[in-house]
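Subject: Structure handover

Hello,

I am passing on the structure we talked about.

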Amino acid sequence: MATTTPTMNRPMNLGASAADHLDRVDALAKVTGAAKYGRDRYLPGSLFAALIRCPWGSAELLSDNAAEVGKLAGVVEIKISRREGTYHGRDVGYVLADSVVALKRAMNALKLEWKRREVKTRIEDTVKEPPAINEDAKKVLDAAAKKLSAVYSTPVQTHSSLETHGCVVDHRGDSATVYASTQGTFAFRDGLDEALKLKGSDFEIVCEYVGGGFGSKLGGPGKEGLNAARISAARGKPVYLFVNREEEHLDTGNRPSSMTFAELAFENDGTITGGQILTFGGVGVARGGGGCDVPSGRYNFGDLRRAHTDVSFNAGGPRAMRAPGKPQGAFAEELMLDEVALACNVDPLELRMRLARSGNHKEMMKAGAKLIGWANRIPTGTQTGTIRRGMGVGLCSWGLFPARAEGEVVIYRDGSVEARTGTQDIGTGQRTIMGVVAAEAVGINPDEVRCSIGSSKLPVGPGSGGSVTAPNTAPPMRAAALDAKNKLLTIIAKELNVEASALEIVKGEVLRGGQRVMSFKDACQRITGDSITGRSDAAKVDTSGKGHSDGVQFVELSVDTETGVIHLHNVVALQSCGRVLARKTAESQIIGGVIQGLSYALFEQRVLDRVTGAMVNANLESYKILGPKDMPHITPVLWSKGQTKVCSLGEPPVIPTAGAVACAVLNAIGAPVRSLPITPAKVLAALAGVGGKKNEDGGAR
Amino acid sequence: MNSFTYVRARNQAEALSSLKDAKFSLPVFKGGGLDLVDHMKEGLIAPDALIDVRGVRGEGDLAGNGPDAVEMKGEVIRFPAAMTLAQAANSAVLRKFAPVVAMTAGSAATPAVRNVATVAGNLLQRPRCWYYRNSQFNCLKKGGSTCFAVEGENAYHAIFSTGSSPGPCHIVHPSNLAPALMVCDAVVHTVGNADRKEIPIGKLFHGPEKGVTSEHTLEAGELITHITMKARPVSGFYAIKEKQSFDWPLVFACVAIEMAGERIGKAEVVAGAVAPVPWALPAVAAALKGVDPKDERALTEACALAGKGAKPMRDNGYKVGLLSVAVKRAVMKAAGVAIAGEEGR
Ligand SMILES: Cc1cc2nc3c(=O)[nH]c(=O)nc-3n(C[C@H](O)[C@H](O)[C@H](O)COP(=O)(O)OP(=O)(O)OC[C@H]3O[C@@H](n4cnc5c(N)ncnc54)[C@H](O)[C@@H]3O)c2cc1C
Ligand code: SF4
């Protein structure tokens, strides 16, 4: 996967900054194993805990041998606190042991007799018929030149974080250290005081590295953290509680499934006049959180009736997952548009140019069309060969949300500089970009700044959710760095008997009127104490301004019509993200989003056994994730026209991908596959006409 | 996972005597250990001794010497049981004289797995049925009373049955190598309780109607030492996979042909991932006779017979059509005919 294609519209104020070629600063530590994750913390004298879980979609616990197993060597405690579960993976208690081996033995020896009950496992178990069409919508539909009636569905996608959920809690009586795998260092702290019976200032959350989270590690300590904290507090020993791969799939959240029932009315030229879109979200045992964002607002859909209902069944519930609700909605929306375009014999890109509301999107579509070679797109339904090529396009958008953040920059006498922010790095490159921001403001090279992150003892920062981290932490970090620099320059100014404002630091040199005065290192030696600390003053940090992030993605693929297998060739992903702080980590966010989107489009799905409600693919073998051989060439394009702020980037790139893939498949084979993942079996069924029938208006059904 | 004793057998005698050692209650042979350890981690078996046979040297050498462990004498190819899939895939002898074996070995799993997985282990690995692999489902194969796949999630299960009626267990045989070895008339050589045995590969496996808790016919204590087989220089393999990395085929086919001029004079066809055993397709083989492999229409017609007699389950009907395609493409591979879309991939 080469990603060295030159990016267009390079951010205006970045110029030839070092950050253009800067590698992720902790890359080496991560690939060599030097980086210590929460999971890697084996503390002396530690106890090890595992949660006992319900193995079926719904079951009652009739009997157990906990008393016996509790007597096994090394077993400290077995607690069963519930005697029923309404989803596979529901925790009902825990086992505590003094070694990993003893814990595993106890878990194996534990014999629980469950009585299974009937289950529901899917939205379709509740929504058995297409919902009725609203009277107003009916009027619009009746007056329409053409109509589309279609059902779109998406499966549950699990976050599949490589580092599973959990933490190590070391309670020492009047203080504690918690090594957590979290996306929200401070939310983790705020949720743990009661369980630890300590004040937030008495303990520290440490989260130097996180092995992925994608939203599932946002909401505080969770059951893993709370259990570990309570046990550690009660026993005064470190407690290690990380869930295993199976539990990670079952009970740490997911992207909920969805069904979209669309009844669209449109003109002969593809102008959509309205109709009805009803969506359902499959939220497992949760009551809500199943939103499916269609229509997204990016296109004009006319006079539309719209309603959403969440449907519960026997399965683990959702948690925020990279752009919650958006990819499932975009899948339905983009494919709908291509079906409308096909019915009207209009080029789908042309249709989008007409229906799109934002000028930015239109400009990006034009630029992207050139990069992917849209002019070579073969009209839908005209190919007859075994291998048929297809192109698709999809849009995304994202807002900019405020979050509380502070920064600190410390300049030491020896000339070293430390940037400090408590916010964690879930892979977005926080450690890298904070260093860049601080270095640029001080006037030195990024590799001369050490960045300390991921601790509740450091300045507060947001959870990594909503794509708020970079936009909200960069301004205070810059303010803190400027403050530190000014304090340093004030010392030098006094010595030289000039105004501090007459001095500047450029590339590690203190200058006055453009003339070198001394090196930055020499300047630092004038610090009288050990160091000076620059702080961000919340009142003075400018976080105003708007920074909408838009994106457009193009996908080119081919479909083997004999096997139904899809080969991905190219993805062009244009993404606005405002000012780019470090190009490689920014592009990596786009590439990662695209990969996750492609994987969602073609492979990922939680499979629940419809009889017992148990997840049968709770592993990374049969829960399929895109692999190296499935990877297309991905061209990320950073687009910062008209933006000077640091804008959101983490979530938007995952939104349009699956929709664009579905459109490309339709383009290739002439029939829509309206259900994710697009497997060979579904492609073959579509080709055979199952679900691909034409309705009387000529629209695809 | 349970604790166990690890025994590194240096020769056959050591391997066999360790297996009979009274101090072990459940000793097992270990090749690469991949499937064994997976079973132990899931709590499906708890052997107390793993007897590693990869270092067995001397007479009946299991590991093979030199860079290419494959030997060829006349028409007969011979290789040791502990040869890895990577070695098989890279063997110059196999690539030239039995490409179907090299191709299947090279297509299984991932490079990391192939570097460890052995030939014998691959033949004797247990099925991938997700109910079987999950300790909480006490299905027929594990001594229970239900096959969960029948009512449950059966998209990856069998479309053919070995008995007169489908089931009772609906696994597909997991081994990539087995169908390839079948088209090469391979013989599996064992030592064990009684004497040396030579088992034609087709007789190594049995369907669920002949016992649902095992898939092969070896007796406890039998050690596979090596494989012999015939050269099949015109042979090929084609797998259809959902994912091209780290995935099991939805269906695959192995084909060996003898050409008579431009046409197929004789063919052998065995499919995988469609039945509880490697699935021979004699009717297709017969229909291929006289077909010019460059004539895609004739080829398609002959291969259309592949799905005949299939009794798909609720969610695996798609495999029936795929099978014909896999067979057709395996023939094309064997005959060196280009397959659409494969250029430049
Ligand atoms: C992600 C993944 C994907 C895979 N995909 C494929 C695939 O596409 N196709 C495919 O074919 N395989 C695939 N495999 C399976 C892999 O090829 C097997 O796990 C491997 O071949 C087992 O070999 P082993 O040597 O490790 O066996 P082991 O685990 O060592 O042994 C397996 C069994 O054979 C017995 N045994 C081993 N050697 C001998 C001997 N000499 N004599 C008698 N008994 C013996 C053992 O006692 C045990 O019962 C995949 C595996 C993984 C993990
Ligand atoms: S197919 Fe066989 S292994 Fe799978 S559930 Fe049924 S009996 Fe068990």
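The notes below cover chain A, then its interface with chain B, then the domains of chain B.

Please keep in mind throughout that this is a predicted model.

Chain A

Chain A contains 17 helices and 27 strands. Its radius of gyration is 28 Å, close to the 27 Å that the globule rule gives for 701 residues, so chain A is as compact as a globular protein of that length. Along the principal axes, the C-alpha atoms of chain A occupy a box of roughly 85 × 75 × 45 Å.

Chain A with chain B

The contact between the chains involves 38 residues of chain A and 34 residues of chain B. Together the two chains bury about 3000 Å², with 52% of that area on carbon and sulfur atoms.

Eight salt bridges are counted between chain A and chain B. One of them pairs Asp560(A) with Arg329(B), where the closest N and O atoms are 2.6 Å apart.

Which helices of chain A each supply at least two residues of the side that touches chain B? They are α3 (100-109) and α17 (680-687). The largest share of that side comes from α17(A), with three residues. By class, the side of chain A that touches chain B has 17 nonpolar, ten polar and eleven charged residues.

Within chain B

Chain B is divided into domain 1 (1-56) and domain 2 (67-124 + 173-335). The centres of these two domains of chain B, taken over C-alpha atoms, are 27 Å apart. Eleven residues of domain 1 and 13 residues of domain 2 make up the contact between them.

The two domains of chain B bury about 900 Å² between them, 72% of it on carbon and sulfur atoms. On the domain 1 side, Gln12(B), Leu16(B) and Leu34(B) lose the most area to domain 2, together 44% of what that side buries.

How many salt bridges link domain 1 and domain 2 of chain B? The count is zero. One residue pair is found in polar contact across this interface, both residues being at pLDDT 80 or more. Helix α1 (residues 12-20) of chain B gives the largest share of the domain 1 side that touches domain 2, namely five residues. The residues of that side divide into six nonpolar, three polar and two charged.

Regards

Conventions:
Residues numbered from 1 in each chain as written. Chains lettered and ligands numbered in written order. Predicted model: local features only at pLDDT ≥ 70, side-chain atom pairs only at ≥ 80, totals over all residues. Heavy atoms only, no water. Domains from an automatic or database assignment. Contact = heavy atoms within 4.5 Å. Buried area = accessible area lost by both parts, 1.4 Å probe. Salt bridge = Lys/Arg side-chain N within 4 Å of Asp/Glu carboxyl O. Polar contact = N/O pair within 3.5 Å; in protein donor to acceptor, adjacent residues only side chain to side chain. Helix = DSSP H or I, 4+ residues; strand = E, 2+ residues; numbered from the N terminus. Nonpolar A, V, L, I, M, F, W, Y, C, P; charged D, E, K, R; others polar. Rg over C-alpha atoms; globule rule 2.2 N^0.38 Å.
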